[in-house]
Amino acid sequence: MPELPEVETIVRDLAPALEGRSFRNPTVLRPDIIRGSTRSTLERRLRNRRILSVQRRAKHIVVMLDSGDRVVVQLRMTGGLFVHPLPLRRPALDYAVFRSALGNGTALVFRDVRRLGTLRVLNETQWHSYTASIGPEPLEASFAAGDLGRALAGTRQAIKKVIMDQRRLAGVGNIYANEALFRAGVDPSRSAAALPPEAVADLHRAIRAVLSDAIGARGTTVRDYRSGTGAEGGFQHALAVYGRGGQPCLRCRTRLVTTHRIDGRSTTFCWRCQGGR
DNA sequence: ACGAGGTCCTGCGAGC
DNA sequence: TGCTCGCAGGACCTCG
């Protein structure tokens, strides 16, 4: 799915188009994307509700309604959220799983080719337990190296798998895990608990830097990702390792290696720059 | 507690 | 041209 930088970009695009508008005719086109309620309940709780704000939590888009409910969208691998002028036409409606007019001649459309994405509506109480189960936001000013150290503590699993575990740390997926580990010079298969404090500090810095850089570039488009305005991101041109298996390391020119041995997800790294620790 | 692997889906590119 | 296979920005589950 879009990872933290892509979701952040989408939220920044959508917020001005959605805030103050209302869900006029919320319509679930593919009920299998709904979690935690039925289609009719979800549509009823959105209908004619005003949108107060659009925010990001981890990789989720959170739409706050005037009822106190929150609409939580998880885009997973191929999901996208767009605002289009009415009437909706073919390309905009292809693979649409949810749509609603917004009352100003535009409509919000949730598209998802693979339909791994999810849509749920949560009340205040449900939201609190939902967000409590997700790890800290790495770009919060208060997120320090010590917080990352605590997130990594107590597990000997591969560091790459651990930083992608949303219960431990919010927002990092496969692309940025690969990139951050390269920037920090950390071996992706290294046991999380065995990382020395200097490596944790380097990784903390690298995660924050790569996520910030990617937001600055409006995300990474490998294939499906588009921002809320339908534009491609720019960070794919700045990737150092992801998708560069077999090509020379940008730092030392050694051939980068790709493996699927870490959690079954493609992992590209430099033996030389990331072998030492 | 951990790792491995399957599951949900569809599309695409590689290889034959 | 047309097939089959493996893989894809994620996250959940079960099994051993």
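Tutor: Two strands pair if DSSP finds at least two bridges between them. Helices (H or I, at least four residues) and strands (E, at least two) are DSSP runs, numbered from the N terminus. Please keep in mind that this is a predicted model, in which local features need pLDDT of at least 70, side-chain atom pairs count only at pLDDT 80 or more, and totals for chains, interfaces and linings use all residues. Residues are numbered from 1 along each chain as its sequence is written, while chains are lettered from A and ligands numbered from 1 in the order in which they are written.

Student: What makes strand 2 and strand 3 a pair?
Tutor: Six bridges join strand 2 to strand 3 (residues 60-65), and the two run antiparallel. The definition asks for at least two bridges, so strand 2 and strand 3 count as paired. Within this pair, S53 stands opposite M64 in strand 3.

Student: Which sheet do they belong to, and why are strand 2 and strand 8 at its edges?
Tutor: The sheet is open, with four strands in the order 2-3-4-8 and antiparallel pairing. Strand 2 (51-57) and strand 8 (118-122) each have a single partner strand, so one side of each is left without a neighbour in the sheet. From one strand to the next, the twist averages 20°; axes here are lines fitted to C-alpha atoms, for helices over the stretch in contact, and angles run from 0 to 180 degrees between N-to-C directions.

Student: How do you know that helix 1 packs on this sheet?
Tutor: Helix 1 touches strand 2 and strand 3, where contact requires C-beta atoms, placed from the backbone, within 7 Å. The direction of helix 1 makes about 175° with that of strand 2. Helix 1 (residues 4-18) also lies across strand 5 and strand 7, running at about 35° to strand 5.

Student: What is the sheet around strand 5 like?
Tutor: Four strands form an open sheet in the order 1-6-7-5, with antiparallel pairing. Its edge strands are strand 1 (27-28) and strand 5 (79-85), each pairing on one side only. Strand 5 pairs with strand 7 (residues 106-112) in the antiparallel sense over seven bridges. Across that pairing, G80 stands opposite R111, and F82 stands opposite V109.

Student: Why is G80 called buried?
Tutor: A residue is buried if 20 or more other C-beta atoms lie within 10 Å of its own, exposed if 12 or fewer, and partly exposed in between, with C-beta atoms placed from the backbone. G80 has 22 other C-beta atoms within 10 Å, so it is buried. Not counting residues up to four places away in sequence, G80 touches L75, R111 and R226. As for strand 5, five of its seven residues are buried, so strand 5 is largely enclosed by the rest of the structure.

Student: What makes chain A as compact as a globular protein of its length?
Tutor: The secondary structure of chain A comes to nine helices and 10 strands. Its radius of gyration is 20 Å, close to the 19 Å that the globule rule gives for 277 residues, so chain A is as compact as a globular protein of that length. The radius is taken over C-alpha atoms, and the rule is 2.2 Å times the number of residues to the power 0.38. Buried residues make up 41% of the 277 residues in chain A.

Notes
Contact = placed C-beta atoms within 7 Å.
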